[in-house]
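Opening the notebook on a new model today. I want to look up a few things and jot down what turns up.

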Amino acid sequence: MPITHRGLAHRVTWAVREHGLGPADRILHKTSIGFDAAGWELFAPLVCGSAVVLAPAGAERDPAALLRSVADHRVTVLQVVPSVLRLLVETEGWGSCTALRLLCSAGEQLEGGLAGHLQALCPGMELWNTYGPSECTIDATAYRVPSGLAAGPVPIGRPLPYAGARVLDADMRRVLVGVTGELYIGGAGLARGYAGRPDLTADRFVPDPYGPPGARLYRTGDLARVLPDGTIQYVGRTDDEVKINGVRVAPAEARAALLVAPGVRDAVVVPWRDHQGEQRLVAYVVAEDVDPARLRRLLSAVLPAALVPALFVPLERIPLTVNGKPDRAALPAPEPAGDRTHVAPSTPIERAIAEIWSRVLGLERVSAHDNFFDYGGDSLLVIRVIGAARRRGLPLTLRMLYEYDTLAALAEAVDSLMEGQGMTTDAHPTAEPVRAVLLPRTFRRELQELMASHHVPGVSIALLRGGEVVSVEGYGVTAADRPEPVTPRTAFQVASVSKHVTMLAVLQLVGDGVLNLDADINRYLTTWQVPDGARITLRELISHQSGLSHVPPTNYLPAEPMPEIPEILEGRPPATNAPVRAEHPAGTVFKKTNINFSVLEQLLLDVTGEPFEAMMRRLVLDPLSMADSSFDQNHPGVAPAPVAVGHDPDGAPIPGRWRVRNEVAAGGLWASAEDLAKVALEVRRAYLGEPGTLLSRPLAQQMLTIWHPGSFYGLGTVVDTTGGDVEYGHGGRTVGYRVGYRVGTFTRVDSGEGLIVLTNSENGKQVNTFIADTVRRAGGGLGTGEMIATWAHADDEPVERVASGE
């Protein structure tokens, strides 16, 4: 790989000028000549009159010998990698290194705790963190580490004067501050390419879309993010990224979190395949006491579930390669938890949980003192455990599994929530064979009579069977004052069904590593932040467990001005509500409120920089060929066919004919029954693990997992498992419309049966109920769970208030 004299001269000149190198300096040369870092150890002192001190052979692998060289030869400048530095700070002899004034850390991620330890040992010494692959001639960025830096990854700084650095997404677009992307390096330090490898050169050295003609960028393969102060923070490697249960993660993030944990001196996190071929993360930890339960609790509080290692292996020291980096090949093979004294589960709840663990983990027996994660439990298996527990009537939650160390402690916590309630047997009903759902011949006439008596001008119905759409039909007209008929492609305003469709985009971003379900949303929000330091995860936000204060949703006339989401969140004019705040600790209270999806919409804009409607079209509507659907609030005016107009209880078109919303993710979708059927089937296909779906199977399963006991709610989705199958989806209601898109109540995962009903009247509930009852009586097996019975007999709440007073 040929580098240029010009590039090396730039790097050496910067070091001499920035660090004030001169004849009084003595620079230790201990890096193998085969590594690029040796270049500045040799050439920098030679151009400024400094002395080059040659370290004894093997000193780079012997911390004591290296430190003796620094002390004995009065070395003033030292360069090491963090893995070696971590060993050095634990070595006796720093008191003799009185001449050392500058230490440069490079080659790996430097952690704030290690930097602080070093600065305490040498309070007058400058510490620099530098970054750069060999293709950029030693280094491309640098950061002077201040004293008192908080624990966590140390930034790699800003580009050197002759270099350039850009953090870009997969389409080489600039990402927003705080958003992870791939780091590209440009400038005078770039190598010419790879000798004799034009194919590899073309792949890694690419045109700079933001530079002058002929400018190039080197695609580093490193993940990074730009911090608010303009410095860059290294995150990990794109080629080190692995998929854990369908979620793309960087093990370096787990290592960074471990290094902050009290008592942990060093750690490395690597992927590993268990005996079943499933990929897991395993953490190798150097600490006085490696307590997996304690570490797991600490990590689960700050990391997504997929990033919490399945196993923790204690080591006396992390093995290193000849250049001082962790030697992964030398790490011992992880072993699941060894034999312990078996304590048989004694209470009914202990025995029930033990049976569930035994089946999910493939264990012959489970002890009351066992920990779920010590035997390979992970975020995907957690979902299976929670589902099995719920079928037995056990109010088990995700947080409880991470919080309680043993089966006995977990069972005691579950028992405290039961309050004398009984358990049920964990039945696994066999799915009924797929059969036709034949509606009676009188159905059309009875439906039309019901529509007339309840003043419902138009209805659109999609019927699913065996995982396929068997019919989509329209009845009546789009508006009482015009003759256009409702067709299978007529768009209705579907209100809260928008949440369900939005989830397909959100979970794609999770799968791509752009978002983490278990990360604090303040990590992503830049326009607005949850006040008072309240921590709310993305999972808690979209499962209505955020604890945020409610803001009554307001519907606006099409031409009426309305506040922006930030104005609503901050409670400033023209919004009339109080500022949004955290009323309850996240995860403790289930409360459906559109403000959760207002926050989500702002978060998505802050992260992607893309208007919500455009993002939804790119990620969901276009991939599913939903040609009749749009989140554009101007859709009725630009739609190729007339949309269904909203009607009041008397059957008259509402003033303005429809409403527009500012919280589009919560209720702004226009969609046809034909398009919503595509959504229903896409979710089912993903849940069953069929290929070519927008979501991975683990993410679809998380979408359809009830995250708060008794809530019938998953991730942006209504879920009911009480009818012998998983039924999923959402309902919706807004001014002038009643939406019976009840994939939560009317689509079954196992049988593939489903029903979608859209009406353009506030009296649509009666029509929805009639159609659902007719399909059920015809043998469809739909809507047999507890939730549909509750919904069908509940009194209607008032429709959301309208800004203009209608």
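This is a predicted model: local features need pLDDT of at least 70, side-chain atom pairs count only at pLDDT 80 or more; totals for chains, interfaces and linings use all residues.

**Helix crossing, cysteines, one loop threonine**

I started with a helix pair: α9 passes α12 in a right-handed crossing.

I looked up the geometry next. Helix α9 covers residues 348-361 and α12 covers 407-418, and the two pack with their axes 9 Å apart at an angle of about 120°.

Then I asked which residues of α9 and α12 meet. From α9 I get Ile349, Glu350, Ile353, Ala354 and Trp357; on the α12 side they meet Leu407, Ala408, Leu410, Ala411, Val414, Asp415 and Met418. By class, the residues of this contact are 10 nonpolar and two charged, with no polar ones.

Is Cys97 buried or exposed? Cys97 has 6% relative accessibility, and because anything under 20% counts as buried, I log it as buried. Cys104 is buried too, with a relative accessible area of 3%.

Last entry: Thr137, which I found in the loop between β5 (126-131) and β6 (141-144). Thr137 is at 2% relative accessibility, so it goes down as buried. Leaving out residues up to four places away in sequence, I see Thr137 touching Ile3, Gly7, Leu8, Arg11 and Gly189.

Definitions and conventions
Residues are numbered from 1 along each chain as its sequence is written. Side-chain values use heavy atoms; hydrogens and water are left out. Buried means under 20% relative accessible area, exposed over 50%, partly exposed in between (1.4 Å probe, protein chains only). Axes are lines fitted to C-alpha atoms, for helices over the stretch in contact, and angles run from 0 to 180 degrees between N-to-C directions. Helices (H or I, at least four residues) and strands (E, at least two) are DSSP runs, numbered from the N terminus. A crossing is left-handed if the near helix is turned anticlockwise from the far one by less than a right angle, and right-handed if clockwise. Contact means heavy atoms within 4.5 Å. Ala, Val, Leu, Ile, Met, Phe, Trp, Tyr, Cys and Pro count as nonpolar, Asp, Glu, Lys and Arg as charged, and the others, Gly among them, as polar.
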